[in-house]
Every structure is written in C-alpha cells, then in structure tokens.
Amino acid sequence: MKQKSYEGFINRRSWLKTAISLLGVTGLDGIFQTAIDARIKNESQETPVRTAQGNMNTEDRIESSWLTRQVGFQLAHEQFPVPELVELGIAADQAGFDLLAVSDHFQPWQANEGHSGQAWVTMSAIGQRTKRIRMGTTVTCPTFRYNPGVVAEGFASLSLLYPGRIFLGVGSGEALNEEAAVGSWPKWPERSERLVEAAEIIRKLWGGQQIDHSGKYYKINARLYDPPTKPIPLMMAGNGPKAMYRCGQYADGLITDPKTWKEHKSEFQKGAADAGKDLARMPVFIEQYVVVGDKKDAEEAAEFWRFGPKAWKPYFNIRDPKTIQERADTEIPLDKVTEGWAVGTDPEVHVKILSDLFAAGATGVHIHSGQHDQRRVIEFYGKEVLPRLQNIKAKAA
C-alpha cells in the first residue's frame, strides 16, 4: 500500500517538474527535488510496523480457509528421523488431518530424543507426495542461525511448490538452537525486537519489490524475484504474557499451548486490539499432547518430553540437550509432565479435549504424541476421533 502512495507522489513530482520546465523556472526544480527527496527518505526510514498492523490480516493476508477449525499432527524432528517423518506426514494426510505442524530445531531439546533433521526439507518431501494437507513450522527462529531474508526465500519457494498449503510459524528461539549454532544468545528484549524486525523484513520481501531495509539489527538491500503467489500466514509463538502481547501486535496469528492460552489469552487480544486488528481474522494454533494408550504409555512418552513444564523457565536458556535432560530428570516428576495430556483409548477423551480448545477460541489444534508408535495415534484419530469431530462441527453448523 505504501508503494502505491510513493508512486502517486512521484507522479506529482514529475508533473511539477514538467510545469517548472515549461515556465523556465529551473531554480525551483532543485527546491522541489530537495523537499521531495527529504520526504521519501523520511518515510522510507520510518519503521512501518505500527501503521501496517491494521492491514496485516485483511482478506489479502489471510485466506478464510485458515480460519476454519483444523486438526493437525505434530511432526517431531527431535524424536524421529526425517525419512520416518515423511511417511508419518503422508499417513496423517491419508487419515484426514488438516495440517502438519513441523518442529524446526538445530538440536533436540533432550539428548535422549536423538534427532534433529531439517524441517524445510521434510516439508518439501511430504508436499511432493500429498495434494491436500497444509504444513508449517512450529516454529522457525528467523533471527540468528537463519537470516530473515533466507527464511522469506525458503517459505516463498515452498509456497510456490504447494500454493495455499504453507504457513510460517516464527519464534524468538532457544539457546539449544541459536547459541549452539552461532554462539549468540542475547537477553530476551533483544531477541524479541529481532523477531519483530525479522517479521517485517520477511513480509516486505514476500511483496516482491526491491527493499532497502536498514534497521536496528538487520541491513538488507534485495528483492525476492520469486515471491509467493498466495498469502502465507505468518504466525508467531507466545509462551508468556509479554510474548503473547507481541504476537497480537505483530503476527497474523498465534501458536501456543493450552496453559498459556488459558492464562494469557487477554494479552494476545490486547496486543491485537492495540494494533487495530480484527481478532476474528487471526488464526490461533494450539499444541495439545495426547497418548493413545494407558498410563505406562504416557510415562514412556513423557521421558522424551520431560523438559516441557520448564521449557520456557529456565531450560530455553541452556545450550546443551544433555544438560536439559539431566536437569529435567531430577527436577520434574513424570505426573507433572503428563498433566493436561489426553491419555486413553476412549475416543471421547480425545474428542472432548479438542472440542474444549476449539470452544475456547482455537482455530487449529495440532496433537503431539511422544509415544514410539506414531502410526497408532494417526490411525486411531483417523478412524475414531476426526469423524466424531466432523459430526460435532456439522451439527453446530
């Protein structure tokens, strides 16, 4: 939108210069030139975040299909190798899941998880063998190990391969990824500011125009020659009150967990309201842990995700997965890990927890199971849970 206003202004400049030339008043041309250049320079240096927020999630930013209720499946790169995740993604598509939430890590959270494949590669491979299911990262950190320009390019390319099926989830990162990869791990205020600036850069590049960005943390003078042809939702992760407010201000939508959503939903709403945005057009994706099995199955799964209750206080500041695992083993009991999980083989247990999240405002719920037999989960949901949810949705309509 700003580009159009520049064009109009430049057209007026051309008209004035022509009039001046015809009048022979050449001295005034320099005066007009100086004033015009000053205005353009001032506007180009102005950070457009605040002024752009009101238009960030309009019809041309978020297609309505992203706002319908969707059930997703988490592909955990921490726990499974890429070839297996590709097959699981295909199985989830065939079972009727709506989307795949793909973790994007340089290392696993805990050493015993044992894997850390490249998420974008997995998504591309799955896309080649599916036609329908949507995919996105939960989440990519576009500030240290990934430059925001590279993130914009990567997801634009994925979107061109699979139009309308890609979303980008971004977050401020963890030490096990960023510090481990590049040796940099500043305090949260800087990481949060970097995330906001990175999101601005990504959106500018997706517009397909030459950008000359000189910000607090990044300087990028470039053009994305293959921009996306369809809008890519830019979702932002929030796991505390300040982050939730930031997500409301600067993202197209939110990625969070049930506990954070319950406790800090109002911060997200306030951030969106302060930015002049329509909450009804902002997707909310919530990650829900599930186990298709008994208590023993849940405890076995919990051993791989034991860090969860303290992931954001304080484990995200720890660089080494082995250290995180050792601390989690001694500091967090298993029953605390599985608190809030849907556990059992009764479909209604799973239907209820998802239905409650949708009723609380989620537009997407992606289930995450740490159990070894992922296909059991996919098949159970495909046969027993997803059809029941569809029936509930149909009756409500």
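# Why these labels fit

In this predicted model, buried residues make up 51% of the 397 residues in the protein chain. The chain has 15 helices and 11 strands.

Q: Why is Gln79 called buried?
A: Its relative accessibility is 8%. Buried means under 20%. Gln79 therefore counts as buried. The residue is found in the loop between strand 1 and helix 4.

Q: What makes up the surroundings of Gln79, leaving aside its neighbours within four places in sequence?
A: Gln79 is in contact with Glu113, His115, Phe304, Trp305, Ser369, Gly370 and Gln371. Its C-alpha atom and that of His115 are separated by 5.5 Å.

Q: Why are the buried residues of helix 5 said to be on the same side?
A: The buried residues of helix 5 (residues 119-128) are Ala119, Trp120, Thr122, Met123, Ile126 and Gly127. They cover an arc of only 155° around the axis, which puts them on the same side of helix 5. An α-helix has 3.6 residues a turn, so residues three or four places apart point the same way. The face turned away from the buried side carries the exposed residues Val121 and Gln128.

Q: What covers the buried residues of helix 5?
A: The cover includes strand 1 (70-75), helix 4 (82-95) and strand 2 (99-102). Strand 3 (134-137), helix 6 (148-161) and strand 4 (166-170) are also included.

Q: What is found within 2.7 Å of the backbone nitrogen of Trp120, at the start of helix 5?
A: A side-chain oxygen of Gln118 reaches to within that distance of the Trp120 nitrogen.

Q: Which residues have the most contacts inside the largest nonpolar core?
A: They are Phe73, Phe97, Leu100, Phe155, Leu168, Trp206 and Tyr381. This core has 72 residues. Apart from it lies another core, of 22 residues, among them Ala76, Ala298, Phe307 and Ile332. In soluble globular proteins, nonpolar side chains tend to be buried together.

Q: Which residues does Phe155 contact beyond its neighbours within four places in sequence?
A: Its contacts include Trp120 and Met123. Also among them are Leu168, Trp206 and Ile232.

Q: How do you know that strand 9 is mostly covered?
A: Strand 9 (residues 284-291) has eight residues, and seven of them are buried.

Q: What makes strand 9 and strand 11 a pair?
A: Two strands pair if there are at least two bridges between them. Strand 9 and strand 11 (residues 364-368) have five bridges, in the parallel sense. Ile286 stands opposite Val365 in strand 11.

Q: Which other strands run parallel to strand 9?
A: Strand 8 (residues 253-256) is joined to strand 9 by three bridges. Ile255 stands opposite Phe285 in strand 9. Strand 10 (residues 342-343) is joined to strand 9 by two bridges. There, Val291 stands opposite Val343.

Q: Where are cis peptide bonds found?
A: One joins Thr138 and Val139, with omega about 0°. Val139 has its place in the loop between strand 3 and helix 6. The bond from Lys313 to Pro314 is also cis, with omega near 15°. Pro314 lies in the loop between helix 11 (295-302) and helix 12 (321-331).

Technical notes
Residues are numbered from 1 along each chain as its sequence is written. This is a predicted model: local features need pLDDT of at least 70, side-chain atom pairs count only at pLDDT 80 or more; totals for chains, interfaces and linings use all residues. Side-chain values use heavy atoms; hydrogens and water are left out. Buried means under 20% relative accessible area, exposed over 50%, partly exposed in between (1.4 Å probe, protein chains only). Helices (H or I, at least four residues) and strands (E, at least two) are DSSP runs, numbered from the N terminus. The arc is that of the directions from the helix axis to the C-beta atoms. Contact means heavy atoms within 4.5 Å. A polar contact is a pair of N or O atoms within 3.5 Å; within protein, one must be able to donate a hydrogen and the other to accept it, and residues adjacent in sequence count only if both atoms are side-chain atoms. A nonpolar core is a set of buried Ala, Val, Leu, Ile, Met, Phe, Trp, Tyr and Cys residues joined through side-chain atoms within 4.5 Å.
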